Amino acid sequence: MRRLSLLRVLRVGGLALWWRRAAEPIPAPAPPVHAEPEVTEPREPAYYPPLDQLNSPQQTVQHDLKILRDLFIDYQITVKDPSGNPAGTHEEIVAALQGRNRARLAFLPAQHPTLNNQGQLIDRWGTPYFFHALSGTRMEIRSAGPDKKMYTDDDALLGSPPSRP
């Protein structure tokens with residue numbers, strides 16, 4: 001009889017605990033964590049001051065190419081995009097430099113003397129630069145030169161250093 005009473009007490013106690021726990025609200029699940037943030041408009045400027053020297057009459061075209069190479073290196077370090085350099089067409093690369101990147105940082109302002117009406121970065125002769133991604137961290141940059149024709153003898157060419165700093 002004693003054993004039966006003890007079983008009843010345990011059963012009633014277990015039922016009371018279950019009832020109390022069932023009455024507590026269940027917390028809502030945490031929202032899913034996305035691997036990459038949504039790319040939106042720029043949130044803060046990360047302007048790259050050496051761009052003000054681009055196409056300067058006191059400098060050379062090789063100096064201009066080095067400014068652009070260093071801009072891409074700065075982009076890689078600051079944006080921390082797993083793919084490295086911005087990719088795509090010339091306009092897509094410029095858009096990434098203007099803040100349409102995962103960090104939403106703008107290195108190049110929307111209005112800059114080295115941008116033409118199509119939003120392309122132009123060399124000192126008014127021809128858009130040619131960007132060719134050699135890898136995620138290496139970018140070849142080409143200026144058409146004074147004859148304004150790509151792939152001729154007067155082109156200026158600069159590849160990125162072999163590895164990221």
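How many of the 165 residues of the protein chain count as buried? The share is 35%. The legends below describe a predicted model.

**Figure 1. Overview of the predicted chain.** The protein chain holds 3 helices and 5 strands. Read from the N terminus, the elements follow the order α-β-α-α-β-β-β-β. Contacts between residues at least 6 apart in sequence were sorted by separation, and 48% of them join residues at least 24 apart.

**Figure 2. Helix 2 against helix 3.** Two packed helices are described by the angle between their axes and the distance between the axes. Here helix 2 spans residues 61–79 and helix 3 spans residues 90–97. Their axes come within 11 Å and cross at roughly 60°. Helix 2 and helix 3 are therefore oblique to each other. The crossing of helix 2 past helix 3 is left-handed. Helix 2 contributes Leu 71, Phe 72 and Tyr 75 to the meeting. Helix 3 contributes Ile 93, Ala 96 and Leu 97. By class, this contact has 6 nonpolar residues, with no polar and no charged ones.

**Figure 3. Aromatic pairing at Tyr 75.** The model has 4 aromatic pairs. One of them joins Tyr 75 to Phe 107. Their ring centres are 5.7 Å apart, and the planes make an angle of 55°. That geometry is tilted.

**Figure 4. Aromatic pairing at Tyr 151.** Phe 130 and Tyr 151 form an edge-to-face pair. The centres lie 6.1 Å apart, with 70° between the planes. Phe 130 is in strand 3, while Tyr 151 is in the loop between strand 4 and strand 5, so the pair ties together parts 21 residues apart in sequence. Tyr 151, at 53%, counts as exposed.

**Figure 5. An aromatic cluster.** Phe 72, Tyr 129 and Phe 131 make up one aromatic cluster.

**Figure 6. The loop between strand 4 and strand 5.** Lys 149 lies in this loop, with strand 4 at 139–143 and strand 5 at 156–158. Lys 149 has 54% relative accessibility; the cut-off for exposed is over 50%, so Lys 149 counts as exposed. Beyond its neighbours within four places in sequence, which residues does Lys 149 contact? They are Ala 144, Asp 154 and Asp 155. Thr 127 is 22 residues from Lys 149 in sequence, and the C-alpha to C-alpha distance is 8.4 Å. Lys 148 is in this loop too. Its phi is near 60°, a positive value in a residue other than glycine.

**Figure 7. Backbone at Asn 55.** Most residues other than glycine have a negative phi. Asn 55 has a positive phi, near 65°. Asn 55 is in the loop between strand 1 (44–45) and helix 2. The relative accessible area of Asn 55 is 19%; buried means under 20%, so Asn 55 is buried.

Technical notes: Residues numbered from 1 in each chain as written. Predicted model: local features only at pLDDT ≥ 70, side-chain atom pairs only at ≥ 80, totals over all residues. Heavy atoms only, no water. Axes fitted to C-alpha atoms, helices over the stretch in contact; angles between N-to-C directions. Helix = DSSP H or I, 4+ residues; strand = E, 2+ residues; numbered from the N terminus. Parallel < 35°, antiparallel > 145°, perpendicular 65-115°, else oblique. Left-handed = near helix turned anticlockwise from the far one by under 90°. Contact = heavy atoms within 4.5 Å. Nonpolar A, V, L, I, M, F, W, Y, C, P; charged D, E, K, R; others polar. Buried < 20%, exposed > 50% of the residue type's maximum accessible area, 1.4 Å probe, protein only. Phe/Tyr/Trp six-rings, centres within 6.5 Å; stacked < 30°, edge-to-face > 60°.
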